[in-house]
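This report describes the fold, the core and some local features of a single chain. The sequence and structure come before the text.

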Amino acid sequence: ITTMSEPSMEALGPRFWRQICPNLRVCKDPPAAGSAPRGTDEHRGRIDSDGYFVLPCQAAPQDRLISKLAEGVQQLQAQGWPATFILVFDEAWELIERMSEVMHSATGNRVNMDIVAWHVDASKGESGFSPHRDRQPEDVPLSFRKDGSAMYSTCWVALTDATPDNGCLYVVPREADPGYFEGDSDALDAPDPLSRCFGSKQAYQHIRALPC
């Protein structure tokens, strides 16, 4: 199989990718539509009050879709291809379509094609992300609607188990984040965003783990 270090015209055709991930589809007729989870009033309420919500595992896409994508990412990595190349395959877009229904009904936002996949191999000393804010436009207040809801939101889907032991997401709820509406200053003498969130030892209790 041609790897990323040996690019060729073969990579422009579906056969190339099917050889790497034989259990995934490329440019084939989609299967019968699965049941798409939907955001609820409770999810919308959590977004508005806390800035995040967690979709229960039983409400996430089933029928081996997640496990097939996880296997595909590992197969891509084995051939030297970045995890985001999983977007070549139809199953990735099936997942995106399903989760976009959740996001739209819970947040009012549509998918904007800012989509990436990550593979973190702890055996190689790799780790996840340091604390960060996903996006900060120049005028943060303008990124919110008049009712206070955010016009940009992120949907994170774990393709393998993510726990506090191996590295799940952690968040700071909206009410404990001074920069949620104001944004973070880029000035050299501005306080660090984390120091604003954690001005006292007691403030660390606001951190929430989101295992899935």
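Residues 24 or more positions apart account for 68% of the chain's contacts with a separation of 6 or more, a contact being heavy atoms within 4.5 Å. The model is predicted: local features need pLDDT of at least 70, side-chain atom pairs count only at pLDDT 80 or more, and totals for chains, interfaces and linings use all residues. Residues are numbered from 1 along each chain as its sequence is written, and side-chain values use heavy atoms, with hydrogens and water left out.

The chain has six helices and two strands, in the order α-α-α-α-β-α-α-β along the sequence. Helices (H or I, at least four residues) and strands (E, at least two) are DSSP runs numbered from the N terminus. Of the 212 residues, 32% are buried; buried means under 20% relative accessible area, exposed over 50%, and partly exposed in between, with a 1.4 Å probe and protein chains only.

In H3 the buried residues are Leu 65, Ile 66, Lys 68, Leu 69, Ala 70, Gly 72, Val 73 and Leu 76. Their cover includes H1 and H4. Just after H3, Gly 80 has a positive phi of about 85°.

H4 is mostly covered, with 13 of its 18 residues buried. Thr 107 belongs to this helix and is buried, as its relative accessible area is 3%. The Thr 107 side chain reaches the backbone nitrogen of Asn 109 at 3.1 Å. Leaving aside residues up to four places away in sequence, Thr 107 touches Arg 44, Ile 47, Arg 145, Ala 150 and Ser 153. Gly 108 follows H4 and has a positive phi, near 80°.

Met 113 lies in the loop between H4 and strand E1 (169–171). Its phi is near 70°, a positive value in a residue other than glycine. Met 113 counts as exposed because its relative accessibility is 54%.

**Aromatic rings**

Rings of Phe, Tyr and Trp (its six-membered ring) pair if their centres lie within 6.5 Å; planes under 30 degrees apart count as stacked, over 60 as edge-to-face and the rest as tilted. The count by this rule is 11 aromatic pairs. Phe 16 and Trp 17 form an edge-to-face pair, 4.8 Å centre to centre with 90° between the planes. Both partners are buried: Phe 16 has a relative accessible area of 3%, and Trp 17 one of 5%. Ring pairs link Phe 16, Trp 17, Trp 81, Phe 85 and Phe 89 into a cluster.

Arg 46 lies over the face of Tyr 52, 5.2 Å from the ring centre. A charge sits over a ring if NZ of Lys or CZ of Arg is within 6 Å of the ring centre and within 35 degrees of the ring normal.

Definitions and conventions:
A polar contact is a pair of N or O atoms within 3.5 Å; within protein, one must be able to donate a hydrogen and the other to accept it, and residues adjacent in sequence count only if both atoms are side-chain atoms.
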